[in-house]
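Welcome, and thanks for taking a look at this one with me. Please open the sequence and the model side by side before reading on.

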Amino acid sequence: MSIFTPTNQIRLTNVAVVRMKRAGKRFEIACYKNKVVGWRSGVEKDLDEVLQTHSVFVNVSKGQVAKKEDLISAFGTDDQTEICKQILTKGEVQVSDKERHTQLEQMFRDIATIVADKCVNPETKRPYTVILIERAMKDIHYSVKTNKSTKQQALEVIKQLKEKMKIERAHMRLRFILPVNEGKKLKEKLKPLIKVCLIDPGCFREIDELIKKETKGKGSLEVLNLKDVEEGDEKFE
Amino acid sequence: MVLNSLDKMIQLQKNTANIRNICVLAHVDHGKTTLADCLISSNGIISSRLAGKLRYMDSREDEQIRGITMKSSAISLHYATGNEEYLINLIDSPGHVDFSSEVSTAVRICDGCIIVVDAVEGVCPQINALTGTLFTSKVLEERAERETESQVNPNSEQGEQVYDWSTGLEDTDDSHLYFSPEQGNVVFTSAIDGWGFGIEHFARIYSQKIGIKKEVLMKTLWGDYYINMKAKKIMKGDQAKGKKPLFVQLILENIWSLYDAVLKKDKDKIDKIVTSLGLKIGAREARHSDPKVQINAICSQWLPISHAVLAMVCQKLPSPLDITAERVERLMCTGSQTFDSFPPETQALKAAFMKCGSEDTAPVIIFVSKMFAVDAKALPQNKPRPLTQEEIAQRRERARQRHAEKLAAAQGQAPLEPTQDGSAIETCPKGEEPRGDEQQVESMTPKPVLQEENNQESFIAFARVFSGVARRGKKIFVLGPKYSPLEFLRRVPLGFSAPPDGLPQVPHMAYCALENLYLLMGRELEYLEEVPPGNVLGIGGLQDFVLKSATLCSLPSCPPFIPLNFEATPIVRVAVEPKHPSEMPQLVKGMKLLNQADPCVQILIQETGEHVLVTAGEVHLQRCLDDLKERFAKIHISVSEPIIPFRETITKPPKVDMVNEEIGKQQKVAVIHQMKEDQSKIPEGIQVDSDGLITITTPNKLATLSVRAMPLPEEVTQILEENSDLIRSMEQLTSSLNEGENTHMIHQKTQEKIWEFKGKLEQHLTGRRWRNIVDQIWSFGPRKCGPNILVNKSEDFQNSVWTGPADKASKEASRYRDLGNSIVSGFQLATLSGPMCEEPLMGVCFVLEKWDLSKFEEQGASDLAKEGQEENETCSGGNENQELQDGCSEAFEKRTSQKGESPLTDCYGPFSGQLIATMKEACRYALQVKPQRLMAAMYTCDIMATGDVLGRVYAVLSKREGRVLQEEMKEGTDMFIIKAVLPVAESFGFADEIRKRTSGLASPQLVFSHWEIIPSDPFWVPTTEEEYLHFGEKADSENQARKYMNAVRKRKGLYVEEKIVEHAEKQRTLSKNK
């Protein structure tokens, strides 16, 4: 058992490893942390800012460099830089702390923006600000899931927020075009869904389908306004 | 003097000739409140020992902590000289520039004022501003009294300082009224040491001593005069070297020697002075180790400040009876309106003003200059018992009245509440409450509920009676600042009966009873039954009728007094939000109260849902926030920079590059790897031709759209902006036509306006590219009324905004309408959020060159042959929205189920939805192939500055990307007026910075003016060698547009092209303990 002293431990600092399996072999390259995602998205254009060294490894932590023949058999070339670029774009990445943090933060804001965009304060018919929604989301301890789309999550958030504060999805304004004889019958059925032609966007599908089924395609509906929101600035007088 | 009883005050109030309404004005920290303290102490309200330290008029906690006054407050003082007894309504005002509005409120109800000038600092900018205010509001009668507060250590410089004062001020007022000691309108005081004198005081003493006539001394004691002791003659000009002028020799020397003696603790000398002055100093003061106490004790007996000041006030200032005709007219006329333009009834009121009569026949005219909130506990009627009880009593009373009215009972039937004492009951005049008030009951009913919730705040109107007697319970018209007597006379026939039962609703007018009247005694309020004319008073129970200021009059023909002209208009904007989102209602309620309580605050709710608070300055802001937190809303709030809006647009391709070289001539050398990647942004499957025409196909390959984006000329954008209301009404018209409601006939005027609008557009959209385009306009966007245009250039288009919907009889047309609607919706969505940072577009014209639906129709036909159901499925989808589809989870389920039902529908959702999404995408890409630009909201900024700070003004402006449009000198002054434009994005903290940098000598005013394209390209990277040399590889230092764009994207959680870590090598990677 080795004793840990400052001199006999070698730490892999500031290293993010990108791995790729090809031709039954594992190849690794040593990159700087928080840089690989930037390279992939095209923000970082300088390869030297991403790669620690241009050599391709079999195992970065042990410092084993890949053999030339392996490289040729796997990539068809022994140009290390080219191979590094390939591995960088196609290999598995360790997402570093800051990268993950920015991604989560970005999604969090995106969700808040969507919620703020879709919802209003039912009392004033005015939207809430993004900052307020963000704070409310923090209050309900909402945690962002990276594998779900932000829109889906936004809808979840709205449901959860409803319990905490006065928030509602902005209503849609619809117009129904119905044949005369069908109109009355339908009205009864639509009643539970409609509030004077302002509906919760969640019910849209239901209404649409109902109309299609009941009128056998003769009726249709038209969206007049996606969001029924107060417009313009208001000054307190 | 002893504390004056309330009865005494009431008695004094009746003698209008002996009332003086004055306010104290000065630069910040020159000692207004200290002076007020001294005057108050003379009435025994506070101890004379505490005068100057207590700051009695600063009743707010933050005023005491910060040591500055933040609001104007009034106190009534009694002063007796000889046989005459005077009532002095003293109003203390704040000196800080942020609270100029409070000063204006004070000035409006005063007849004169005391201007305090510090001897050391001299005349400061604030004084110049104040005198400006005074002259504009025509309180011409002010007299100056000066204070030499810091004259603790007498030295020769002091004497010289004394000379300097007069010059500065006399320059500013070029009227016949000068402040000059020899005219006897200047008092030299030290409020902190409690002494004060006018020239007259010493002139009297020395005329006896030296034997020179008092009149001569009055003239010569101030100025470049010297005495020749031997000849007992006063000479003009310096006779011998080292001689001191008369003022210094005779007056200041004496004071200095006193200070000298006390400070050096020269016991004998003090005794000598004291005995020679014939004063008696208490043993306690004489033994006191602090020399200040001794000075105070001696001086306040020798030259009592309150006497000096108040005597002069009584002597020099006009009583309410002496109101000038000029001032009356000034008060009554708004802006450019002249007095002659008023109806005769109104003109007749002028006489009442001048007379200021207290007879019952005299019309009652009261001006409310501000509303202020007081703790309900501080109200006199609430002192013995809690407010709720009184509220209950009031409500019971009101209910009873309603009941009584129902019974049509005669006057006085409603019995008095036996358990209550008089004060509570008489707040509502029994029985005779008019029906006009009943109408108000509806609006009033929520109020008691509110008050119960937080029964802490009660609003008192800060007012002055100009004519007639204000009695409690008197019914009176409340006229808002926008009320016009002409309007009233037009609506109401002449000679209407007095009780305004069936009075028609006149805007900005209400009718109510004066509930409570108070005597304002600083932080205390005393209850009054009636207030004779010329007095300052507080009125309770007006909060439902008066917002900030109003005119109360017994006759409706009275014009409202001119709105207060503020020295400082509110310009510091912040967004306010509750810490806990659920507390939103409290915040809104609190902000409404704050709006009422503060004359200078503005509160806006913006379209984004932000609550924006606009205040006059940082100190004012702080006070408003404190008020909101502790008094009105009582919640935690957070304050942030307001959201700054941007617009996105496109421009013509630039002809020169960033180093002013012509594009095309340069070879794009070396830096090819930095080429713009516009082309790569556009995914496959979309055709882009060199002209910027985008051709895109829906996911089910049934329809193809070709869209091009073009920048609109600036004038057209402007026309569209101006006519957004017209466009909206056009839209409503078409939609009502759509519904088949032809009953809505187009109004002739509207129709004319529409043609005029169309003509204007045609006039500006000329040239080859815009030929016939006006006739082909399909829609405006976003929200169907914005400054962007959708044009349809396909051959079979007949649905332009001008003609209204096509005949929908044919089936073809109806189908096209459905699909067309989807395309318009797609355009609306695209214009609502642009590609750069999801901000709305502006000044962009989208041209739909082609729309190929042939495949769709084919399929529709074949489907129809196969299965009749199918066509309906695809076609009647109406206006489904793409966003909805991928939005709700319910919708997802529905879609899958739908798919199961009819496998023939394609897997991309309903066709109309696809069309919306495709159109939106097409518009976006069409924008992206053009040079995109960001538009910033701009303020126009007027800055008044003196010549010596011009340089610093320019520095602040240029630092904040401002641009100076013009600069001119104001005639006859050394002030420059600078007109500049400044991006709203840079305006946060601008006012404060400019004030700080110029030591308050420049004051900006910001008004939103227009949208302006930021010339720099947010996506710009250096491409030519010259640019590369000039800006370097990164070139991110100067790109203002990119800075804004990234800030917005970051705020919205959009992807920002920024490196997470700039330098990979420099990361700290080890945690601390390794």
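Predicted model: local features only at pLDDT ≥ 70, side-chain atom pairs only at ≥ 80, totals over all residues.

Here are some numbered points to guide a first look.

1. Let's begin with a sheet in chain B. Six strands make up this open sheet, in the order 26-27-28-31-30-29, and their pairing is mixed. Strand 26 (687–688) and strand 29 (777–781) of chain B lie at the edges; each has a single partner strand, so one side of each has no neighbour in the sheet.

2. How is strand 26 of chain B joined to strand 27 of chain B? Two bridges connect them, and the two strands run antiparallel. Within this pair, you can find V688(B) opposite I694(B), the latter in strand 27 of chain B. Packed on the sheet is helix 32 (residues 911–928) of chain B, which touches strand 27, strand 28 (704–711), strand 30 (788–792) and strand 31 (844–852) of chain B. The direction of helix 32 makes about 40 degrees with that of strand 28 of chain B.

3. Next, please turn to a place where the two chains meet. Helix 4 (residues 97–118) of chain A packs against helix 36 (residues 1040–1052) of chain B at an angle of about 80 degrees, and their axes are 7 Å apart. An angle of 65 to 115 degrees counts as roughly perpendicular, and helix 4 of chain A and helix 36 of chain B are therefore described that way.

4. Which residues meet there? From helix 4 of chain A come R109(A), D110(A) and T113(A); from helix 36 of chain B come K1050(B), R1051(B) and K1052(B). The residues of this contact comprise five charged, one polar and no nonpolar.

5. Is D62(B) buried or exposed? Its relative accessibility is 15%, and buried means under 20%, so D62(B) counts as buried. Its side chain makes a polar contact with the side chain of R60(B), at 2.8 Å. Beyond four places away in sequence, D62(B) touches G67(B), M70(B), R623(B) and D626(B).

6. Finally, have a look at V572(B) in strand 21 (residues 572–578) of chain B. V572(B) is buried, with a relative accessible area of 8%. Although 43 residues separate V572(B) and T615(B) in sequence, their C-alpha atoms are 5.1 Å apart in space. Leaving out neighbours within four places in sequence, the contacts of V572(B) include L613(B), V614(B), L621(B) and A991(B).

Terms used. Residues numbered from 1 in each chain as written. Chains lettered and ligands numbered in written order. Heavy atoms only, no water. Pairing = 2+ DSSP bridges. Helix = DSSP H or I, 4+ residues; strand = E, 2+ residues; numbered from the N terminus. Contact = heavy atoms within 4.5 Å. Axes fitted to C-alpha atoms, helices over the stretch in contact; angles between N-to-C directions. Parallel < 35°, antiparallel > 145°, perpendicular 65-115°, else oblique. Nonpolar A, V, L, I, M, F, W, Y, C, P; charged D, E, K, R; others polar. Buried < 20%, exposed > 50% of the residue type's maximum accessible area, 1.4 Å probe, protein only. Polar contact = N/O pair within 3.5 Å; in protein donor to acceptor, adjacent residues only side chain to side chain.
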